[in-house]
Amino acid sequence: MTRKIQNKHRIGDKLIYTAKTPNGWSIVIMPDNILIDNYHIDRVHIHPDPKKHVHKVEISQLDMEKILETIKDYLNASNSFDVEELMEMLK
Amino acid sequence: MIITLVKKQTGHEFIREMEETYNSISELEKLFERTNNMKMYVDLENWRYYRDNLDEEIELTESLVTNKLSLSDLDLIILNTIKHEKPRSIRDLANKINKDVSNVQPKVKRLEEEGFIKFEAGAKNSKIPYLTFDEIKLEI
């Protein structure tokens, strides 16, 4: 049985990694080094500053697939990546 | 068009890949502390999970949205031959599909650049091509 799924999506110069395990899921946007996950706590959160991993901002959207679609839509529509803009879309 | 490459592996194989990339889980922990690379953080979480779940099957996919990719009949023959006949070199691949190696070489190089195949070292400096996935899915 396949219980864990790892995906890599390429959109322009961005790579979005997604991973799911029974322990939680994660989305990483590279090379901007942004992580969204629900590991260790049930609530979904984003780590907006890669240099301060402990800094987490909760987001209201809970569904990983919907969050991924929002990120893809944002990246497809934007010429540059701004984590604040993305957070607004996910709140 | 969305192209998705699908590969299946077990937790055991995933851990072997992690060991090849990072050596050990403690090395990865140190590396993450030094770099704050979030991909490493996720690899770390997954590695910890898989230590206790070695036989679980993982589906790895790589999706690419593009309108540029075109796979010719020869590309598909090359991919099919690599998968099913396991050529030992590019020359061996060319022989198996009855083509001149000079025509096959650039095709193989492009398939490598697009992430469909990789090479491992073979005998006498030859390169053994292998597929990086089990399935290709196309969505239009």
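Across the interface of chain A and chain B of this predicted model, nine residue pairs are in polar contact, both partners being at pLDDT 80 or more. A polar contact is a pair of N or O atoms within 3.5 Å; within protein, one must be able to donate a hydrogen and the other to accept it, and residues adjacent in sequence count only if both atoms are side-chain atoms. On the chain A side, β1 (2-11), β2 (14-21), β3 (24-30) and β4 (34-37) each supply at least two of the residues that touch chain B. Strands (E, at least two residues) and helices (H or I, at least four) are DSSP runs, numbered from the N terminus. β1(A) gives the most to this side, with nine residues. By class, the side of chain A that touches chain B holds eleven nonpolar, eleven polar and six charged residues. Here Ala, Val, Leu, Ile, Met, Phe, Trp, Tyr, Cys and Pro count as nonpolar, Asp, Glu, Lys and Arg as charged, and the others, Gly among them, as polar.

The model is predicted: local features need pLDDT of at least 70, side-chain atom pairs count only at pLDDT 80 or more, and totals for chains, interfaces and linings use all residues. Residues are numbered from 1 along each chain as its sequence is written, chains are lettered from A and ligands numbered from 1 in the order in which they are written, and side-chain values use heavy atoms, with hydrogens and water left out.

The interface brings 28 residues of chain A into contact with 22 residues of chain B. Contact means heavy atoms within 4.5 Å. The size of an interface is often given as the accessible area lost when the parts come together. Chain A and chain B bury about 2300 Å² between them, 54% of it on carbon and sulfur atoms. This buried area is the accessible area (1.4 Å probe) that two parts lose on being put together, summed over both. Two salt bridges are found across the interface. A salt bridge is a side-chain nitrogen of Lys or Arg within 4 Å of a carboxyl oxygen of Asp or Glu. K8(A) forms a salt bridge with E62(B), the closest N and O atoms being 3.7 Å apart.

Within chain A, S26(A) sits in strand β3. S26(A) is buried, with a relative accessible area of 0%. Buried means under 20% relative accessible area, exposed over 50%, and partly exposed in between (1.4 Å probe, protein chains only). The side chain of S26(A) makes a polar contact of 3.4 Å with the side chain of Y39(A). Beyond four places in sequence, the contacts of S26(A) include Y17(A), L35(A), M64(A) and, from the other chain, V42(B).

Strand β2 of chain A holds I16(A) and K14(A). I16(A) is buried at a relative accessible area of 0%. Among its contacts beyond four places in sequence are K8(A), I27(A), V28(A), L68(A), I71(A) and L75(A). K14(A) also counts as buried, at 13% relative accessibility. The side chain of K14(A) makes a polar contact with that of D32(A) at 2.8 Å. Contacts of K14(A) beyond four places in sequence also include H9(A), M30(A), P31(A) and F81(A). C-alpha to C-alpha, K14(A) and I41(A) are 27 Å apart in space and 27 residues apart in sequence. I16(A) and P31(A) are 15 residues apart in sequence and 9.1 Å apart in space, again C-alpha to C-alpha.

Backbone geometry was examined next. Most residues other than glycine have a negative phi, and most peptide bonds are trans. A cis peptide bond joins M30(A) and P31(A), with omega about 10°. P31(A) is found in the loop between β3 and β4 of chain A. In chain B, N98(B) has a positive phi of about 55° although it is not a glycine. N98(B) lies in the loop between α5 (90-96) and α6 (101-113). N98(B) is exposed, with a relative accessible area of 71%. N125(B), likewise not a glycine, has a positive phi of about 65°. N125(B) lies in the loop between β3 (117-121) and β4 (127-131) of chain B, and counts as exposed at 79% relative accessibility.

Chain B is assigned domain 1 (2-65) and domain 2 (73-132). These bounds come from an automatic or database domain assignment. The centres of the two domains, taken over C-alpha atoms, are separated by 27 Å. T4(B) lies in strand β1 (residues 2-10) of chain B and is buried at 8% relative accessibility. A polar contact of 3.4 Å joins the side chains of T4(B) and S63(B). Among the other residues that T4(B) touches beyond four places in sequence are T61(B), E62(B), I136(B) and E139(B).
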